[in-house]
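Please keep the coordinates open while reading.

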Amino acid sequence: MRSMTTTGRFITFEGGEGAGKTTQVRRLAERLRLLGREVVETREPGGSPGAEAMRHILLKGIAKPLGTEAEAMLFAAARDDHMVTTIRPALARGSWVLCDRFIDSTRVYQGALGNVDPRLIRELEHVVVGTDMPDLTLVLDVPPETGLARVHARGEATNRFEEENLQYHRELRTAYREIAEGEPERCLLIDASQSPEVVAVRIWMAVQERLLRPLREGQAPRAAG
Ligand code: TYD
């Protein structure tokens, strides 16, 4: 649990492809900076030099032949470096950390969709993240047809996961919704099919209510694990 006396908070953004996570990370960071908060924007896989080097291996599908269990371990190894190098030091100096994807991506992509044993996933989380769980996880929810259309409209090369079929993306959405329902203290499901402006307002309301107000009133974050 984040100490009541530290002012930094850890927020993760999750969701399927094209949900708009990257845009919302940027918008929330801008809002928090206007309040004078120090903010670190980061992402997974990546967020530290070591983890960024592993990102290439994971997203190009180079590790795919090793199987989903090995991929889960590689994502966890990248996360470990990210925690040690970037996230823990930022939180320790009172900075807010906004991370585009985190443990729920492993639970969903490698666990629910890749059939990796949930006990292995939990053990990796335990070793790598420990008590430094996110204070708030925003799960951006869009129909996969909408999300994939956004990805293709960007015109960028697709990654190994974006190339999976529509059924895969429907199952991703279901798995994310189940996590959000199962952990309402930490997670909040956000309808991300609306405009980026509307989604940003909804997120800002949630951050104020769940994290900023308790901070002002000297309480621990509601979502602290
Ligand atoms: P990225 O290009 O950052 O896509 P997005 O904009 O959708 O976040 O690619 C990240 C990909 O990595 C995404 O398809 C999900 C996948 N991923 C996992 O499978 N497991 C993980 O633990 C993480 C962090 C990401």
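Helix packing and salt bridges

H3 passes H5 in a right-handed crossing, that is, the near helix is turned clockwise from the far one by less than a right angle. The model is predicted, so local features need pLDDT of at least 70 and side-chain atom pairs pLDDT 80 or more, while totals for chains, interfaces and linings use all residues. Residues are numbered from 1 along each chain as its sequence is written, and side-chain values use heavy atoms, without hydrogens and water.

Helix H3 covers residues 68-92 and helix H5 residues 118-128; their axes are 10 Å apart at an angle of about 20°. The two are therefore roughly parallel, a label for angles under 35 degrees. In the contact (heavy atoms within 4.5 Å), Glu69, Ala72, Met73, Ala76, Arg79, Asp80, Met83 and Arg88 of H3 meet Leu120, Leu124 and Val128 of H5. Seven of the residues in this contact are nonpolar, none polar and four charged.

The whole structure has 19 salt bridges, each a side-chain nitrogen of Lys or Arg within 4 Å of a carboxyl oxygen of Asp or Glu. One of them joins Arg26 to Glu30, with the closest N and O atoms 3.9 Å apart. Both residues lie in helix H1 (residues 21-34), four residues apart, about one turn of the helix.

Glu38 and Arg93 form another salt bridge, at 2.9 Å from N to O. This pair links distant parts of the chain, 55 residues apart: Glu38 is in the loop between H1 and strand E2 (39-43), Arg93 in the loop between H3 and strand E3 (96-100). Asp104, Arg107, Glu125, Glu183 and Arg186 are linked in a salt-bridge network.

Note on methods: Axes are lines fitted to C-alpha atoms, for helices over the stretch in contact, and angles run from 0 to 180 degrees between N-to-C directions. Angles under 35 degrees count as roughly parallel, over 145 as roughly antiparallel, 65 to 115 as roughly perpendicular and the rest as oblique. Ala, Val, Leu, Ile, Met, Phe, Trp, Tyr, Cys and Pro count as nonpolar, Asp, Glu, Lys and Arg as charged, and the others, Gly among them, as polar.
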